[in-house]
Amino acid sequence: MAGCFEQINNREDFRREVDRAVILCAKFLKKKGRDPTLLSVEMQLKFIQERLKAGRTFTRKERKSINMAYKMHREYEEIRDDDEFYDFKELVSLIDLYMDFWPSDKLASDPKNDDKIDWDDVD
């Protein structure tokens, strides 16, 4: 059972979900062409993926520069009839939220973590 980070209970889950999002983004770029929003999302996902693969940590400034969920929701707010794309949009939001908060594995896997997160003071 997971908390507010859903299927992401630790850094390994996070890496797996980032890899999955990169693959899905490439798929949607093929379908939609050179969509500027998707290109931005792809760039941000690949940045995260490369840093994770290199074993490097993110600075607070780098984490705060991730804005792909905002871009996706702003551009595709009305898209609800394409379940696969909607699921991708939600995955991007989850990755963005995890990056913003950057919880420890213990907190990410805690089913009661929502009570332990000060959403007004996200690091």
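Trainee: Which elements build the protein, and in what order do they run?

Mentor: Happy to start there, and keep in mind that this is a predicted model. The protein contains six helices and zero strands. Read from the N terminus on, its elements run α-α-α-α-α-α.

Trainee: Are helix 1 and helix 2 roughly parallel or roughly antiparallel to each other?

Mentor: The axes of helix 1 (residues 11–32) and helix 2 come within 9 Å and cross at roughly 150 degrees. Angles over 145 degrees count as roughly antiparallel. Helix 1 and helix 2 are therefore roughly antiparallel.

Trainee: What is the handedness of the crossing where helix 1 passes helix 2?

Mentor: Look at the residues that meet there: F14, V18 and F28 are among those from helix 1, and L38, L45 and L52 are among those from helix 2. Where helix 1 passes helix 2, the crossing is left-handed.

Trainee: Why do the buried residues of helix 4 lie on the same side, and which helices are included in their cover?

Mentor: In helix 4 (residues 68–75), the buried residues are M68, A69 and M72. They lie on the same side of helix 4 because they cover an arc of only 100 degrees around the axis. What covers them includes helix 2 (36–54) and helix 5 (83–101).

Methods
Residues numbered from 1 in each chain as written. Predicted model: local features only at pLDDT ≥ 70, side-chain atom pairs only at ≥ 80, totals over all residues. Heavy atoms only, no water. Helix = DSSP H or I, 4+ residues; strand = E, 2+ residues; numbered from the N terminus. Buried < 20%, exposed > 50% of the residue type's maximum accessible area, 1.4 Å probe, protein only. Arc of directions from axis to C-beta. Contact = heavy atoms within 4.5 Å. Axes fitted to C-alpha atoms, helices over the stretch in contact; angles between N-to-C directions. Parallel < 35°, antiparallel > 145°, perpendicular 65-115°, else oblique. Left-handed = near helix turned anticlockwise from the far one by under 90°.
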